[in-house]
Amino acid sequence: MIYAVRYGQRFSSRREEASLQRQLARGLLRLALQREYGLELDTLPMGKGPHGKPYFVGAPVHFSLSHCPGLVCCCLHTDEVGVDAEGPRPFSPRLARRICTKEEAAWLAASPDPARDLTALWTLKESVMKLEGQGIAMGFQNAAFTFPEGEPRSAGSQVALSQFFLEGGFVVSAAARGHAFSQLCFVDPSELPLS
């Protein structure tokens with residue numbers, strides 16, 4: 001399941017917003033664990049993989065967190081997962097050249113909305129890199145996509161993709177082993193157990 005929370009506060013600094021994002025992410029993780037698996041976050045020991053990906057030691061559930069200004073997401077599953085969220089941004093030819101394979105660049109060149117599709121492609125790549133536990137160290141070119149029937153598909157085997165285009169230009173993408181997510185569950189910030 002993918003859980004998300006929106007916020008609209010204004011902040012005096014990026015540090016202040018980052019602090020709220022961490023609180024919301026932890027609250028989403030706590031709520032999702034309780035609702036989906038009946039588990040308490042504080043009872044689960046955590047470790048970090050070789051590239052820093054956090055995980056629960058000995059627990060049968062995996063998670064991934066993401067945030068961008070205005071939105072925080074949490075993805076849970078019994079298999080490895082990766083999630084990424086981004087807000088709207090203008091098209092950047094420089095960014096496209098940096099992260100895209102030739103096939104991806106051709107797909108973007110034919111897009112009726114290259115700004116939206118570059119953001120969508122970015123979130124797909126980030127979700128796959130998080131799934132693999134390597135993050136950006138994996139390299140954007142190595143998180144490659146093909147486009148059968150015009151829709152992105154991971155060039156990696158057995159990676160199921162989910163993508164949600166939200167009001168306000170936000171995009172949330174998730175990658176999992178063999179399991180796509182059919183919905184995104186929005187939570188009101190007042191429902192989150194913050195601590």
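Predicted model: local features only at pLDDT ≥ 70, side-chain atom pairs only at ≥ 80, totals over all residues.
Helices (H or I, at least four residues) and strands (E, at least two) are DSSP runs, and they are numbered from the N terminus. With that convention in place, Ala137 can be located in the loop between H4 and strand E7 (145-146). Ala137 counts as exposed because its relative accessibility is 58%; the cut-offs are under 20% relative accessible area for buried, over 50% for exposed, and partly exposed in between, with a 1.4 Å probe and protein chains only. Between Ala137 and Leu20 there are 117 residues of separation in sequence, and 26 Å in space from C-alpha to C-alpha.

Good morning. Residues are numbered from 1 along each chain as its sequence is written, and side-chain values use heavy atoms, with hydrogens and water left out.

Let me turn to the chain as a whole. The protein chain has 4 helices and 11 strands. Its C-alpha trace spans about 50 × 40 × 30 Å along the principal axes. Of the 195 residues in the protein chain, 48% are buried. Among contacts with a separation of 6 or more, 57% join residues 24 or more positions apart; contact means heavy atoms within 4.5 Å.

I now come to the sheets. Strands of a sheet pair through backbone hydrogen bonds, either parallel or antiparallel. Here two strands are said to pair if DSSP finds at least two bridges between them.

In which order do the 4 strands of the open sheet with mixed pairing stand? The order is E4-E5-E1-E11. Strand E4 (62-68) and strand E11 (184-186) are the edge strands, each pairing on one side only. From one strand to the next, the twist averages 20 degrees. Helix H1 (residues 14-37) packs on this sheet and touches E1, E4, E5 and E11, and its direction makes about 30 degrees with that of E5. Such angles run from 0 to 180 degrees between N-to-C directions, and axes are lines fitted to C-alpha atoms, for helices over the stretch in contact.

Within this sheet, strand E5 (residues 71-77) runs antiparallel to strand E1 (residues 2-6), with 5 bridges joining them. Arg6 has Leu71 as its bridge partner in E5, while Ile2 has Cys75. E4 also runs antiparallel to E5, through 7 bridges, and His62 is partnered by His77. The hairpin of E4 and E5 has 2 residues between the strands, and Gly70 there takes a positive phi near 100 degrees.

Is E5 mostly covered or mostly uncovered? It is mostly covered, since 7 of its 7 residues are buried. In a regular strand the side chains alternate between the two faces of the sheet. In E5, Leu71, Cys73, Cys75 and His77 point one way, whereas Val72, Cys74 and Leu76 point the other way, and all are buried.

The next sheet is an open one of 3 strands in the order E6-E10-E9, with antiparallel pairing. Strand E6 (81-86) and E9 stand at the edges with a single partner strand each, so one side of each is left without a neighbour in the sheet. The twist here averages 10 degrees from one strand to the next. E6 pairs with E10 over 6 bridges, and Glu86 stands opposite Val171. Strand E9 (residues 159-165) pairs with strand E10 (residues 171-177) over 7 bridges, and Leu161 stands opposite Ala175. E9 and E10 form a hairpin with 5 residues between them, and Gly168 in the turn has a positive phi of about 90 degrees.

Finally, the helices. H4 lies across E6, E9 and E10, and runs at about 150 degrees to E6. The axes of helix H3 (residues 102-109) and helix H4 (residues 114-131) come within 9 Å and cross at roughly 150 degrees. H3 is therefore roughly antiparallel to H4; angles under 35 degrees count as roughly parallel, over 145 as roughly antiparallel, 65 to 115 as roughly perpendicular and the rest as oblique. Glu104, Trp107 and Leu108 in H3 meet residues of H4 including Pro114, Asp117 and Lys125.
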